[in-house]
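Please read the points below alongside the sequence and the model. They are meant as a colleague's note.

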Amino acid sequence: MSQAAPVYRCPHPGCDHAPLAPSAAGLACPQGHEFPFAPGTQVPVFAKEPPGANEYAAQNAAEVHDNALRWVFNTFRSDEATLRENLVRRLALRPGLRVLVTGAGAGNDLPYLARALQGRGDIHAQDFAQEMLLAGEQRHRALQTADLRLTFSVSDATNLPFADGWFDAAYHFGGINLFPDIARGMAEMARVVRPGGRVVIGDEGVAPWLRDTDYGRMLVRNNALYACEVPLRHLPAVATGVELTWELGQCFWVIAFDVAEAPPAIDIDVPHVGTRGGSIRTRYFGQLEGIDPALRDKLYQEAARRGLSRVEFLESLLRGGLEP
Ligand SMILES: C[S@@+](CC[C@H](N)C(=O)[O-])C[C@H]1O[C@@H](n2cnc3c(N)ncnc32)[C@H](O)[C@@H]1O
Ligand SMILES: [Zn+2]
């Protein structure tokens, strides 16, 4: 049997991801925030794109997206199943794990995730556009079995309704360039994945070495999203084991990383041996005001004459000067 039903948490700032309880129309938090189910479903709505706000929130969003995907795979002479299988494999899933898909759209990755779990585990698919997400729910609800729990929410990937570390892995393909805050989108995926879990994220972006070729320029002229840069600088500080590839004619970047317990840590007090002396701590946290350069040069000379590092000599002068 699969694990317990997803425990949704209140995404309101100030509620500290408090657990939600069933309410008359959906779910509610202890502070009174209400999250109704989408009409005729058990899909909670935490936040959503206003209807018609963009192509994903339009009435026939999933069909329009199907056409766009056909164009992509025909243009790049690639096979959708092969690509999606290849990317899902990077999550290193095994039976029984809990996986989150952000910006899941109409759920094209769900069958591959279900297969990678060998039919046992939990998949939660979320999207900000209710039209896309509900189309995905209808298309893929048959994947659900006694052993494979498949749940959906309409929510904002940059403010997820889950507790820290709830999932074992998180996956995203094809929408993060559009997120209002890419760093937050990545940070949220890392927050809700347990330390040691893996995250895979990919989207449009011509590889840098092709940007200034006719090939790259044609693609960017056709769709400005191909000009998006791989957002390495937006990875969370806990990202480790980072792998980066380009797929689909080198026009889609894919980043995979593990979630570490904490950002990297070093000993910042290891003393430097040599003329300057000090340590990483003194050089970073101990910066002083600028002084007369001639006086500085004299100070350096005197430190060398006494056989002290500059930091040792400077600190001794300052300590002496500050003594009552
Ligand atoms: C191009 S579609 C990709 C859908 C799906 N991942 C796929 O590969 O077919 C991009 C999706 O990202 C969703 N999206 C955009 N901003 C979002 C956000 N802040 N939170 C969740 N989903 C978002 C859109 O609604 C849309 O369904
Ligand atoms: Zn709340």
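1. Patches are made of residues with over 30% relative accessible area and no salt bridge, like charges being joined within 9 Å and nonpolar side chains (Val, Leu, Ile, Met, Phe, Trp, Tyr) within 5 Å; accessible areas come from the Shrake-Rupley method with a 1.4 Å probe, and for residues only the protein chains shown count as cover. A salt bridge, here and below, is a side-chain nitrogen of Lys or Arg within 4 Å of a carboxyl oxygen of Asp or Glu. By these criteria I266, I280, Y284 and F285 make up a nonpolar surface patch, whose accessible area together is about 520 Å². Y284 belongs to helix α7 (residues 280-285) and, with a relative accessibility of 62%, counts as exposed.

2. Some conventions should be kept in mind: this is a predicted model, in which local features need pLDDT of at least 70 and side-chain atom pairs count only at pLDDT 80 or more, while totals for chains, interfaces and linings use all residues. Side-chain values use heavy atoms, with hydrogens and water left out, residues are numbered from 1 along each chain as its sequence is written, and chains are lettered from A and ligands numbered from 1 in the order in which they are written. Helices (H or I, at least four residues) and strands (E, at least two) are DSSP runs, numbered from the N terminus; buried means under 20% relative accessible area, exposed over 50%, and partly exposed in between (1.4 Å probe, protein chains only).

3. Two strands pair if DSSP finds at least two bridges between them, and on that basis strand β7 (residues 167-173) has parallel partners in strand β4 (residues 98-102), through 4 bridges, and in strand β8 (residues 193-204), through 6 bridges. V99 stands opposite A169 of β7, while Y171 has V200 as its bridge partner in β8. Between β7 and β8 the chain passes through helix α5 (residues 182-192) in a right-handed β-α-β crossover, a term that applies if, with the strands pointing away from the viewer, the path from the first strand over the helix to the second runs clockwise. As for cover, 7 of the 7 residues of β7 are buried.

4. Strand β6 (residues 148-154) has 6 of its 7 residues buried, so it is largely enclosed by the rest of the structure. It runs parallel to strand β5 (residues 121-127), to which 7 bridges join it, with G121 opposite L148. The crossover from β5 to β6, by way of helix α4 (residues 130-140), is likewise a right-handed β-α-β unit.

5. Q126, in strand β5, is buried at 1% relative accessibility. Contact means heavy atoms within 4.5 Å, and, neighbours within four places in sequence aside, the contacts of Q126 include L100, T102, L133, S153 and D156.

6. The whole structure contains 20 salt bridges, one of which pairs R84 with D109 at 2.8 Å between the closest N and O atoms. R84 sits in helix α2 (residues 80-89) and D109 in the loop between β4 and α3 (110-116), 25 residues apart, and both are buried. E85 and R115 also meet in a salt bridge (3.2 Å, N to O); E85 lies in helix α2 and R115 in helix α3, so this pair ties together parts 30 residues apart in sequence. Here E85 is partly exposed at 34%, whereas R115 is exposed at 53%.
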